[in-house]
Amino acid sequence: MSSTPAARRGTRVHVVSDVHGNARDLARAGDGADALICLGDLVLFLDYADHSRGIFPDLFGTENADRIVALRTARRFEEARAFGARLWAGLEGDRATVVEQAVRRQYAELFAAFPTPTYATYGNVDMPPLWKEYARPGTTVLDGERVEIGGRTFGFVGGGLRTPMRTPYEISDEEYAAKIEAVGEVDVLCTHIPPEVPELVYDTVARRFERGSRALLDAIRRTRPLYALFGHVHQPLVKRMRIGATECVNVGHFAGTGKPWALQW
């Protein structure tokens, strides 16, 4: 983190999301900032840009990764699930155990890369029960909670909503809305998924609408935070837009860019 006293130059926060295994750049993401915020998706299960990277190709090979990406991109989710089930059935060992072991290896490296202080919430591909084992002193995990940074109040809501992809931390709309309500009025609202606005949820490369939150959109309109920060959509149609008084920002696909988004006041 920066060695320049925040009192003399204000406060600078770096924000990342969708880290997906990029521990090398994560270790530098806090350089020059007073704090790092991470909006989740630390795990890399399958890289849609490079099908040779991630837990899935490590277990089943790149050719099978090519196939399942093609099926999912074509929205042939039932075929993708059936294909995946056949692969898992041929693997030695219990599926849940194999995946957890792979995730643990990634978490050990990624949490070690977090600078101090880091404020983090979960993404939809993360496994929240494991985070308490890897979060070191200096890393604060928040979900449906608030924290003050440099005199501003930040609210955090993690996870995603349910989809045909069935990623690990998908929850019901009602549970998600309850966490939004628990956060209440804040200066900066930090979530993994975007508000439900077509321009913010459409992925131009995957060519599909990801799930955004209507409850989040309603909260932005009602409570009018200065900023709403999120990730989840890797190649959004629009990266930034205003909703009333709120600047809504997709902070970027950190796995691909390696660069944090900066907020200074």
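**Aromatic cluster, sheet and a buried glutamine**

One aromatic cluster takes in Tyr107, Phe111, Phe114, Tyr122, Trp131, Tyr134 and Tyr169. The structure as a whole holds 14 aromatic pairs, a pair being two rings of Phe, Tyr or Trp (its six-membered ring) with centres within 6.5 Å; planes under 30 degrees apart count as stacked, over 60 as edge-to-face and the rest as tilted. The model is predicted, so to speak of local features takes pLDDT of at least 70 and side-chain atom pairs count only at pLDDT 80 or more, while totals for chains, interfaces and linings use all residues. Residues are numbered from 1 along each chain as its sequence is written, and side-chain values use heavy atoms, with hydrogens and water left out.

On to the sheet. Five strands make up an open sheet in the order 4-3-2-1-15, with mixed pairing; strands are DSSP runs of E, at least two residues, and helices runs of H or I, at least four, both numbered from the N terminus. Pairing takes at least two DSSP bridges between two strands. Strand 4 (139-141) and strand 15 (261-264) are the edges, each pairing on one side only. Strand 2 (residues 35-38) and strand 3 (residues 118-120) run parallel and are joined by three bridges, with Ile37 opposite Tyr119 of strand 3.

Then there is Gln106, which sits in helix 6 (residues 95-113). Gln106 is buried, at 16% relative accessible area (buried is under 20%, exposed over 50%, partly exposed in between, with a 1.4 Å probe and protein chains only). Leaving aside residues up to four places away in sequence, Gln106 touches Leu42, Val43, Leu44 and Ile55, contact meaning heavy atoms within 4.5 Å. The Gln106 side chain also reaches the backbone nitrogen of Leu44 at 2.8 Å.

Key. Polar contact = N/O pair within 3.5 Å; in protein donor to acceptor, adjacent residues only side chain to side chain.
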